[in-house]
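Here is a friendly walk through one protein model, with its cores, sheets and annotated positions in turn. Keep the structure open beside you as you read.

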Amino acid sequence: MSFSSADHVWMAQALRLAEYGLYTTTPNPRVGCVVVKNSQVVGSGWHRRAGEPHAEIHALRAAGPLASGATVYVTLEPCSHQGRTPPCTRALIDAGVSCVIIAMLDPNSKVNGEGIRQLRAAGIVVQTGLLSAEAQALNIGFITRMQLGRPWVRMKIAASLDGKTALRNGQSKWITGEAARRDAHQWRARSCAILTGIGTILSDDAQLNVRHVETSRQPVRVVLDTSLGLPLQAKILAEEGGQTWVFTTTTDQRKIQSLQQAGADVMVVPEQAGKVDLYAVMTSLAKLEINELLIEAGATLNGALAACGLVDEMILYLAPMLLGDQARGMLALGELIHLSDRIELQNLDWRQVGKDMRLMATLAKRQV
């Protein structure tokens, strides 16, 4: 399908608007919309929060009567069903728009293609696929949850150049510099939830909150704790804002009730090899509408998640220092006997953040 240079300009503007919802729209997708008439923007909008009007509604309200006969650029297929808000397809039809250009289809089975069908049935010209890759990247978590039934999983690790995350005695503050820590908190703010293991809580008393950047919400804090050893005085329970979810295999009601009284939501999942079933955790998080999950854990949990194929992306901050072979590593993967068992990284993006280097990459499937 052919699009003009002007089409690219207007859709790029819609994508920039969608980015305003980067930290606020969860569990909904980030969506932007621009209404154009006679080569002029007559209305624009973006989705802010779940339960509030969608991007199309904001844009149509801004355009008013000028929406009639206009072309609408929207980054995600307009919804066609009654959810937290009324369907956007009806609003577009009632406004009398002549054409709707869509970056990507909605992966939600309640919508997927139905929004387009309704618009075309009303005589509106519909085109799709303009800057679709950019739109998909913006909503990778929502897409993954809809299509795979689990969140998009990012693993964040701060390490030395020789791949060590802490000294043998556990000292790790601070391997990376302030700029890298601030950058990492941007990723925390974007995430729906941050997950760690009980070992990290016991050793670091981690807070798992956003502190170094401004945010209007705190991500959910998730702890994997097989036997419920989480101290009731842990900072993660005392933290104001956000929620703390604890996944366990124990059914000890005394322990469960104590943690619940301390402010945690406790969820019992099946056991796998003496630990919580990681697949069950991911399925549960998806049902709880977690789109993007950030992992900030120790080598054992990092390795287990990677070995299970449950890590989609890695954010690795490398500090210009060496800590030696006795220091703690990044991922406990065990000994690999064959190179075909390796985990490869792809789509690498290197950049300097302060004095450190940041590598972002997706994890490829293991070689067979």
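## Ground rules

Throughout this report, two residues are in contact, or touch, when they have heavy atoms within 4.5 Å of each other. The model is a predicted one, in which local features need pLDDT of at least 70 and side-chain atom pairs count only at pLDDT 80 or more, while totals for chains, interfaces and linings use all residues. Residues are numbered from 1 along each chain as its sequence is written, and side-chain values use heavy atoms, with hydrogens and water left out.

Helices (H or I, at least four residues) and strands (E, at least two) are DSSP runs numbered from the N terminus. Buried means under 20% relative accessible area, exposed means over 50%, and partly exposed lies in between (1.4 Å probe, protein chains only).

## The nonpolar cores

A nonpolar core here is a set of buried Ala, Val, Leu, Ile, Met, Phe, Trp, Tyr and Cys residues joined through side-chain atoms within 4.5 Å. In soluble globular proteins, nonpolar side chains tend to be buried together. The largest core in this model has 41 residues, and the members that touch the most others are Val35, Val97 and Val100. Elements giving two or more residues to this core include helix H1 (5-19), strand S1 (32-37), strand S2 (40-46) and helix H4 (114-121). H1 provides the largest share, six residues.

A second, separate core holds 36 residues, among them Ile157, Leu301, Ala306 and Met330.

Two strands count as paired if DSSP finds at least two bridges between them. An open sheet of five strands runs in the order S2-S1-S3-S4-S5, with mixed pairing. Its edge strands are S2 and strand S5 (125-128), each of which pairs on one side only. From one strand to the next, the twist averages 15 degrees.

S4 and S5 run parallel and are joined by four bridges; cysteine 99 has valine 125 in S5 as its bridge partner. H4 packs on this sheet, touching S4 and S5, and its direction makes about 150 degrees with that of S5. For such angles, axes are lines fitted to C-alpha atoms (for helices, over the stretch in contact), and values run from 0 to 180 degrees between N-to-C directions.

## Around glycine 96

Glycine 96 sits in the loop between helix H3 (88-95) and strand S4 (99-102). This glycine is partly exposed, at 30% relative accessible area. Setting aside neighbours within four places in sequence, glycine 96 contacts Ala67, Ser68 and Gly69. Alanine 70 is 26 residues away from glycine 96 in sequence, with 7.9 Å between their C-alpha atoms.

## Strand S6 and its partners

Strand S6 (residues 152-160) is largely enclosed by the rest of the structure, because seven of its nine residues are buried. S6 runs parallel to S14, joined by four bridges, and valine 153 has leucine 293 in S14 as its bridge partner. S6 also pairs in the parallel sense with strand S15 (residues 313-319), over seven bridges. In that pairing, alanine 159 stands opposite leucine 318.

## Annotated positions

An unreviewed UniProt entry lists Ser172, Arg188, Leu208, Arg211 and Glu296 for "binding site". UniProt positions are given in the numbering used here, with shortened feature names, and annotations may be inferred rather than shown by experiment. Arginine 211 lies in the loop between helix H8 (198-204) and strand S9 (220-224); this arginine is partly exposed, at 38% relative accessibility. Beyond residues up to four places away in sequence, arginine 211 touches His185 and Arg188. Is glutamate 296 buried or exposed? Glutamate 296 is buried, with a relative accessible area of 10%, and is placed in the loop between strand S14 (292-295) and helix H12 (299-307).

The unreviewed entry also lists for "binding site" a set of residues including Ala158, Thr226 and Ala299. The residues of that set span 147 residues in sequence and their farthest two C-alpha atoms are 28.8 Å apart, so they do not all gather at one spot. Threonine 226 is in the loop between S9 and helix H9 (235-238). Alanine 299 belongs to helix H12 and is partly exposed, at 24% relative accessibility. Leaving aside neighbours within four places in sequence, alanine 299 contacts Gly329, Met330, Leu331 and Ala332.
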